[in-house]
Amino acid sequence: MKQTFCILIYLFATLNNAPAQTKHFSKADSLQAIMNRYTAAGIPGVSLAVYTEAEGWWAGAAGYAKTETKTPMNTRHLQYIQSVSKTYMAVVILKLYEEKRIQLDAPITRYLPRQYSRYIPGAEKVTVRMLLSHTSGVPEYQTHPRYISWELLHPTSIFPIEKAITFLEGEPMQFAAGSKYLYTNTNFLLLAMIVDAITGDHAKYMSEKIFRPLQLQQTYYHHEPGYLHYANLPDCYWDALDCGRPANITELQRTSVAATKGDDGIVCTPTDAVHFLKALMEGKLLHDTTLALMQHWVDDSKGQHRYGLGLAYYSLEGLTGYGHGGGGIGAGCILLYVPSKKTYLFLGCNLGVLVAGKLPEKADALKNEVLATLLMGQ
C-alpha cells in the first residue's frame with residue numbers, strides 16, 4: 001500500500017512539474033519523424049526535450065520503454081544520464097570553491113583521506129582542478145583488469161566502488177600531472193570522495209545545492225530512498241552480439257549505475273536535465289566568474305578544445321556547444337547548449353552505446369540528425 005501511494009505521488013509530481021509545451025513548435029513533426037524512424041530501425045526507445053528562446057519548450061518520445069510488453073516510451077520516463085552526471089559533480093565542487101571550503105589548485109591530498117590517496121600514484125602533484133579538467137594523469141579504474149574481472153563475474157552485485165581505488169596501487173601515471181588531457185572516470189570518482197570527506201555525503205550536498213533550489217523533482221541520485229527502483233525507469237537493452245536484436249539487461253544496467261559515484265549515477269527526465277543546464281548557463285547555480293572557469297578549455301593533442309571543468313566542448317558544423325555526453329551498457333545520451341542558437345536539448349535512449357556496433361552507430365546517427373534538424377537553418 002505504501003509503495004503504491006509513493007508511486008502515485010511520484011506520477012502526480014511528474015505531471016504537475018513538466019514545463020508548458022509550445023503548441024506549435026516548428027520542428028516538432030520533423031523531430032518526431034526522426035525518432036520514429038530510428039526506433040523502427042532497432043533502437044528500443046528514445047526521448048527528447050528541447051528549449052529554444054524563440055519557441056520555448058518541446059518534448060517527444062518514440063519506441064518502447066519495455067519492448068517485451070510494448071510499453072511506449074514517453075517524456076515522463078526517467079533516463080540514465082550516465083557521464084552527464086560529471087557536470088553536476090563539477091558544480092558541486094565549484095559550490096564548495098565558492099564557499100571557500102576547497103581550493104582548486106590545492107593538491108588532492110589536502111582533502112582526500114589518506115586511506116585512499118595512498119593508492120593514487122603522484123597524488124601529491126594532482127590538484128582538484130586537474131581532476132575536473134581530466135588533466136590529472138591518474139590511472140583509469142574502469143579499464144583495470146581487476147575491476148573488469150569483478151564486474152564480469154558478479155554482474156548483478158553492486159561493487160563497493162571505493163575498492164576500485166585500491167586497484168590503482170603500483171599503477172603508473174598515464175602522464176605527468178597537468179601535462180595533457182585524457183578523459184578518465186577516476187577523476188570524478190575521486191572528486192565525489194573528496195566531497196564526501198568535506199561534507200559527509202556528496203549526494204546529499206548535491207541535492208541541497210542543485211536539485212532542491214532548481215526544484216528538479218524528477219532527478220534522483222544515491223541519497224534518494226528506493227534509488228533506481230522508480231516506476232518510470234525504462235528497461236535497458238544491449239546488442240551484445242551485434243546482431244540487431246538487443247537483449248534486456250535492465251538488472252545489469254541498474255547494478256552498474258548503482259555502483260558509481262561522481263562519474264555517473266543520476267537518473268532524471270529529459271526536461272529536468274535541460275532545466276539543470278539552462279539554470280547553470282543562466283548563472284542560477286554559480287557566480288559568473290566561476291561559470292567562466294568551467295569554460296576555460298583544455299585542448300587535446302591536436303590543439304582542439306575538448307573540456308573545461310566538468311563541461312565538454314562541442315564543435316558542430318561551425319557551431320559551438322557546451323554540455324556532456326553519456327554512454328553505458330544499457331543507455332546513451334547527450335545534454336547540450338548551443339549559445340548562438342539559444343537552444344538547449346537532452347536526447348536519451350535505452351540502448352547500450354558503450355560498445356561499438358551497428359545499433360550504437362544508428363544511435364549516433366539519430367543524434368546527428370536531431371542536431372542538424374534543430375540547429376541548421378534557424
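## A hairpin and its neighbours

In the hairpin formed by β11 and β12, where two residues lie between the strands, E317 adopts a positive phi near 50 degrees. The model described here is a predicted one. Strand β11, covering residues 312–316, runs antiparallel to strand β12, covering residues 319–327, and the two are joined by five bridges. Within this pairing, Y314 stands opposite G321 of β12.

Strand β12 is also joined to β13 (residues 332–338), again in antiparallel fashion, and here the bridges number six.

## Aromatic pairs

Aromatic pairs in the structure number 16. One of them brings together Y337 and Y344, which count as stacked because their ring centres are 4.2 Å apart and their planes meet at 15 degrees, under the 30 degrees required. Both partners are buried, Y337 with a relative accessible area of 15% and Y344 with a relative accessibility of 5%.

Elsewhere, ring pairs connect Y141, Y147, W150, F159 and F167 as a cluster.

K278 takes part in two kinds of interaction. It lies over the face of Y51, at 4.7 Å from the centre of that ring, and it also forms a salt bridge with E282, in which the closest N and O atoms are 2.9 Å apart. K278 counts as buried because its relative accessibility is 15%, which falls under the 20% limit, whereas E282 is partly exposed, with a relative accessible area of 39%.

## Salt bridges across the sequence

The salt bridges in the model come to 12. One of these pairs K209 with E99, the closest N and O atoms being 3.0 Å apart. This pair links distant parts of the chain, since K209 belongs to helix α9 (residues 202–211) and E99 to the loop between α3 (85–98) and α4 (114–117), with 110 residues separating them. K209 is partly exposed at a relative accessible area of 27%, and E99 is likewise partly exposed, at 30%. Through shared partners, salt bridges gather E99, R101 and K209 into one network.

A further salt bridge is formed by K358 and D242, whose closest N and O atoms are 3.5 Å apart. Because K358 lies in helix α13 (residues 358–375) while D242 lies in the loop between β6 (237–238) and β7 (247–248), the pair ties together parts that are 116 residues apart in sequence. K358 is exposed, with a relative accessible area of 54%, whereas D242 is partly exposed at 29%.

## Nonpolar cores and a buried glutamine

In soluble globular proteins, nonpolar side chains tend to be buried together. The largest nonpolar core in this model has 95 residues, and those with the most contacts inside it are Y88, I210, F276 and M294. Leaving out residues up to four places away in sequence, I210 touches Y88, V91, V92, L216, F276 and L285.

Q79 is found in strand β4, which covers residues 79–80. This glutamine counts as buried, because its relative accessibility is 2%. Apart from neighbours within four places in sequence, the residues in contact with Q79 include S47, M73 and P234, together with I266, V267, C268 and P270, and also F346, G348 and C349.

Notes: Residues numbered from 1 in each chain as written. Predicted model: local features only at pLDDT ≥ 70, side-chain atom pairs only at ≥ 80, totals over all residues. Heavy atoms only, no water. Pairing = 2+ DSSP bridges. Helix = DSSP H or I, 4+ residues; strand = E, 2+ residues; numbered from the N terminus. Phe/Tyr/Trp six-rings, centres within 6.5 Å; stacked < 30°, edge-to-face > 60°. Buried < 20%, exposed > 50% of the residue type's maximum accessible area, 1.4 Å probe, protein only. Lys NZ or Arg CZ within 6 Å of the ring centre and 35° of its normal. Contact = heavy atoms within 4.5 Å. Core = buried A, V, L, I, M, F, W, Y, C linked by side-chain atoms within 4.5 Å. Salt bridge = Lys/Arg side-chain N within 4 Å of Asp/Glu carboxyl O.
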